Amino acid sequence: MLTSVTLSATLLLAKQLIAQPSITPNDAQCQTILEDRLQKMSFKIEKMNFGEVKNFYARRGNSAPVLLFAGHTDVVPPGPLDKWTSPPFEPTIRNGALYGRGAADMKSSLAAMVCACEQFIEENPRYSGSIAFLITSDEEGPSTDGTKRVVAELLKRNENINWCIVGEASSENKFGDVIKVGRRGSLNGTLKIHGKQGHIAYPQKADNPIHKSLAALNELTQIQWDQGNEYFPPTSFQISNLHSSSGATNVIPGELEAIFNFRFGTPSTVDGLKQQVLSTLNKHGLKYDIDWKYSGEPFFSQPGELFNAATAAIEKVAQIKPRPSTDGGTSDGRFIFKTGCEILEIGPINQSIHQINEHINVKDLDLLTQVYYEILTALLAKKT
C-alpha cells in the first residue's frame, strides 16, 4: 500500500517538474528528471528525439502484458505574467492547491505515474508482464514529431502494448468523476467566398459575398450531421471567425472568409462531412475556395480489463463511480490507439488547464497516485 513517504515524493516531484519552463516544444530538464527516476527502477531508456522535440520510451520487463503510461512534459505559454498570483514556474501551494503552469496539464500526472511505479515495484519486484513509459515534449504544439513519431517506430518493430493510461486532466468537477475512453476528431475549414468589390452606394455594380453567403452559412449551422452514439455526442459544427473588410465603410468587400470546425465521433467520417459542406455551398451557387486541415481523428477504446481495473481503483480511492466520456479536445491517445491497445485517460480536474493560475488540489494529487498504484496492482501483481 502507499505510504505518506510515497505521497510526499509525488508532491516533491510534481513541484520539481513544474519549476521547469518547458514551453512547447522545449522540454527544459523535465525528461532528464523523469529518466533519472526511471533508471533507478531499472527501466531501459530509449531517447527518440526528432528535430526540436524530445521523446523517450522506457520499459521495464520483456514479457506481456504491457501497461504503458503516456504523457507530455511540454506546456502552453503562461500568458501575461502579471495576471498570475504567483510566478507560473515557481510551484506554490496556497489553500491546499498546487499552483503553476502544468500543474493540471500534466506534470502532476507524470509525477503520480512515476511514484506509483516506485512503490509498486518495491512491493512487487517480480510482477507479471512489463511497465512502459512514452513521454514527449510535442503535445501542446503541432504534435508531429512527438508521440506520433514514437508510435510509428514502435509499430515498425511490432512492439506490443496491451493497456495504456494517458495522464491528461480527465476529471471535470470532482477527481475521478470521468474517465476518457476516446476522443472526438477535429476537422478545420477555411472558406473563402468570392464576390466583387464595389462602392456601397452602387450595389448593382458589385457582388456582396456577405449577403450571398448568409443563407448557406446559416444552413450549415442547422444541419444535424449525425445522431452520435452511446459514447459520442452528435457532431458539432462551429464557425469561429468571419472576416470581410476592405478597411473602409463605404466599400462592398470582394471576399468573405469563414473559419469553422467540426468536432465529430465515429458515427461520421471526414469525407462525409466534407461532402455535405460542399453540397450545401454548391446548392447556393457560391463561388468559393476551401482549405481543410484534419487535426485529429476520433478514436474509441472499447472498455475492457483496463477500464474495469480503473473503475474499481477510482471507486476504492475516490469513493465515486466514474463516467466514461469522449468529450474535450484532441489528445495523443489518437496516436497510441493505433497500437491496438485498450487506452484510457485518467487525470486530475481539468477546470484550470491552459488558464492563468493553473492548479491542482494537493489531495487530488495523492488520490491520483493511489489510483495508478491500484491499477498496476490489479493488472500486473502476481496473484497468490
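Author: Of the 61 residues in the largest nonpolar core, Phe69, Ile131, Phe133 and Ile346 touch the most other members. Helix 3 gives the most to this core, with 12 residues. The model is predicted: local features need pLDDT of at least 70, side-chain atom pairs count only at pLDDT 80 or more, and totals for chains, interfaces and linings use all residues. Numbering starts from 1 along each chain as its sequence is written, and side-chain values use heavy atoms, without hydrogens and water.

Reader: What makes a set of residues a nonpolar core?

Author: Its members are buried Ala, Val, Leu, Ile, Met, Phe, Trp, Tyr and Cys residues, joined through side-chain atoms within 4.5 Å. A second, separate core of 20 residues includes Leu217, Leu256, Phe262 and Phe264.

Reader: What does Ile131 touch?

Author: Contact means heavy atoms within 4.5 Å. Leaving out residues up to four places away in sequence, the partners of Ile131 include Phe43, Leu67, Phe69, Phe120 and Leu376. Arg59 and Arg60 are also among them.

Reader: Why does Thr311 count as buried?

Author: Buried means under 20% relative accessible area, exposed over 50%, partly exposed in between (1.4 Å probe, protein chains only). Thr311 has 10% relative accessibility, so Thr311 counts as buried. Thr311 lies in helix 7 (residues 305-318). Beyond its neighbours within four places in sequence, Thr311 contacts Ile179, Lys321 and Pro322.

Reader: Why are helix 7 and helix 9 called oblique?

Author: Angles under 35 degrees count as roughly parallel, over 145 as roughly antiparallel, 65 to 115 as roughly perpendicular and the rest as oblique. Angles run from 0 to 180 degrees between N-to-C directions, with axes fitted to C-alpha atoms over the stretch in contact. Helix 7 and helix 9 (residues 362-380) pack at about 135 degrees, axes 9 Å apart. The two helices are therefore oblique.

Reader: Which residues of helix 7 and helix 9 meet?

Author: Among them are Leu306, Ala310 and Ile314 in helix 7, and Leu367, Val371 and Ile375 in helix 9. By class, this contact has 11 nonpolar, one polar and three charged residues.

Terms used: Helix = DSSP H or I, 4+ residues; strand = E, 2+ residues; numbered from the N terminus. Nonpolar A, V, L, I, M, F, W, Y, C, P; charged D, E, K, R; others polar.
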